[in-house]
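Work through the exercises below with the sequence and the model open. Each task is followed by a solution in steps.

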Amino acid sequence: MAEMAAEGREPEILFWVGCAGSFDARAQKVTKAFCQILDAVGMPFAILGNEEMCTGDPARRAGNEFVFQMLALQNVQTLNGYNVKKIVTACPHCFNTLKNEYPALGGNYEVVHHSQLLQELINTGRIKMQEGGTFKGKKITYHDSCYLGRVNGVYEAPRSVLASLDAQLVEMKRCKTNGLCCGAGGAQMFKEDEPGDKRINLERAEEALGTGATVIAANCPFCLTMMQDGVKAKDKQDDVMVYDLAELIVDSMVKG
Amino acid sequence: MIQQVLFVLIAGASLGYAALQFLKIRRNIKLGKDESISGDTAERWRNVLLVALGQKKMFSRMIPAVLHLFIYVAFVITQVELIEIFVDGITGQHRVFWPPLGGFYTFVISFIEILSVLALVATIAFLARRNILRLARFHKPEMKGWPFKDANYILFLELALIFFIFLMNSADMARHQNEYGFVVSQFLSPILDGTGDGTLHLLERIGWWGHILVVFAFLNYLPISKHLHVILAFPNTYFARLQPRGEMDNMPEVMNEVKNMLGLPVENAGAEVNMDNLEFGANDIFSLSWKNVLDAYSCTECGRCTSVCPANLTGKKLSPRKIVMDIRDRADEIGKKLDSKDVQYAKDKSQALGAANFDDGRSLFDYISREEIHACTTCNACVEACPVLISPLEPILKLRRYEILSLSEGPSEWLPMFNSMENNGAVWAMSVEREAWKSEL
């Protein structure tokens, strides 16, 4: 972003990478896949790079408003400084905080989740899918993340993206408004579980495996980790893959 | 004449006592902090119409929704008959609307009778679901004792209401050669064939008095029961928050403090706040908002929230319903202590006890354990599930804010995350640059 600004250019959109997308080995793959897609369709985008900070979501939900404000106010300052108008992110937690919580701090942007941008790019023909792509005919189940689904009401965009794969979408019983959490939200990702009978991600992975799908599609880096761990715990990691929507699309689209 | 006097006395006493109890609940709700209710009035009325009156959210589960609808519609329509009972009771007449309305009267009462039969079916089904089928959500730990009995008492009272209404109608039909033509009691009245007129009159009186006495009992039972939802569902859906679900309320005091630290301009900078004496989040009714307390009094303990809570489903101690019930219990406790006027509960013992001068040494944390609030994933499933738009999540997050900001406590594993966010701007402390992944593109 700094380079573009120095050259006096304003990108069409800012890609908010997020902590997981930047540092987590698994989520980095999603980041790269999404960049490849944007490059392939020729959409100019920028990232904040080292100027990006955590949105503050896990701190706020843990109850630590000080840390949240500290990060959020700095982010708002950076974003406003670059006159950013539109943001896309592959993390529903970043998406929610940028979209719903930054306005109260003086940050007003048009924020979309990458599943919504992918849907738009597919619908407008900017993303072209291969004939008989990698996932054609395969059984795919889709896991709604809480912060994209129930919290922000985005259910159709990711499903419409999946539909472009020509795969067979099988829903879990608990889907859309009734979707079951993967167990990571509310800063649970960063602490041990409270005492109980079972880990939440295992409960959800069992449900996903129960559909007979060979691919579990997700839209959130934390769901990705949680579902992957759950699948591993059931020793199904060789039969069932857990992918983000961007990874599924980059594999099946016409490039160049 | 004796009956008229008796009716007016009993009605007056029961309405008066109920009014006092309702005022106490109103007082308890207002113990919560002021929270301005913003947003579109039209959308609020829409919520009342669709969610409270229209039962929209109930229908995500068909069987209980239909059963509940029977009882609900019967309850609402029976209020029409209650008007007549009141007029009859005060004036000493009998079925005052029958002569002027005639056929239409038959239609209305027959309609009520049909609904009463449906309500009877539903009540029996509900009793069976709780006591024979023992549905899991009715037998969680927080349902032990009073809540379980409360639910059954309500259903028994409903059975009594239905019994008395049919006793009254069929005795009346038998007495007047079925001239009223009520659709259900025409089949019941033959049972009373051959009974003398005096006995029939007595039976009819028992039905009439029984019905109205149970109504009065119900009215006075509501304030101590989960059944209060029949009233509070309406204001609760009206006042339900309209902001995006994903938006936690901003804390301007903290924001301004941090702005000062960062050297950012602060609006209304003149108003210096002493941060040392501030308490953040909530640990008691006084620091929750009045809407959180209204939520608690609107809860009918159906447990839909708990039955979809990922933490509860996997055996954690957290139950969103329990959080809501705890808030109500604590509000009741404070209310009772305030009523006692006992100065031992005063913060400043030299002053009179009052909401602003209250300290009984207890808080919500005496009801809700840390383990419970720590287990929440903030997934909003409980918020989505509630048929009357209660948010169990909001108080959980306020308790977390209190724990972290006011007590500087909380799960120790969160500390490295907070530190790394504060120092490195990322949830993990990483030695590599944030954009290191770019080199692999």
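A nonpolar core is a set of buried Ala, Val, Leu, Ile, Met, Phe, Trp, Tyr and Cys residues joined through side-chain atoms within 4.5 Å; buried means under 20% relative accessible area, exposed over 50% and partly exposed in between, with a 1.4 Å probe and protein chains only. The model is predicted: local features need pLDDT of at least 70, side-chain atom pairs count only at pLDDT 80 or more, and totals for chains, interfaces and linings use all residues. Residues are numbered from 1 along each chain as its sequence is written, chains are lettered from A in the order in which they are written, and side-chain values use heavy atoms, without hydrogens and water.

**Exercise 1.** Find the largest nonpolar core and the residues with the most contacts inside it.

Step 1. This core has 105 residues. The most contacts inside it belong to A:L14, A:L79, A:L117, A:I127, A:I249 and B:M417.

Step 2. At least three of its residues come from each of domain 1 (2–118) and domain 2 (129–252) of chain A, with bounds from an automatic or database domain assignment.

Step 3. Take A:L79 and leave out residues up to four places away in sequence: A:L79 touches A:L14, A:W16, A:L48, A:V84, A:I87, A:L98 and A:Y109 (contact: heavy atoms within 4.5 Å).

Step 4. A second, separate core has 79 residues, among them B:L67 and B:Y297.

**Exercise 2.** Which strands stand at the edges of the open sheet in chain A, and why is one side of each left without a neighbour?

Step 1. The four strands run in the order 6-5-7-8, with parallel pairing. Strands are DSSP runs (E, at least two residues), as are helices (H or I, at least four), numbered from the N terminus; two strands pair if DSSP finds at least two bridges between them.

Step 2. Strand 6 (168–169) and strand 8 (241–244) of chain A each have a single partner strand, so one side of each lacks a neighbour in the sheet.

Step 3. Strand 7 (residues 215–218) of chain A pairs with strand 8 over four bridges; A:V215 has A:M241 as its bridge partner.

**Exercise 3.** Describe the aromatic pair of A:F135 and A:Y243.

Step 1. Rings of Phe, Tyr and Trp (its six-membered ring) pair if their centres lie within 6.5 Å; planes under 30 degrees apart count as stacked, over 60 as edge-to-face and the rest as tilted.

Step 2. At 5.9 Å centre to centre and 70° between the planes, this pair is edge-to-face.

Step 3. A:F135 lies in the loop between helix 7 (114–123) and strand 5 (139–142) of chain A and A:Y243 in strand 8, so the pair ties together parts 108 residues apart in sequence. A:F135 is buried, at 4% relative accessibility.
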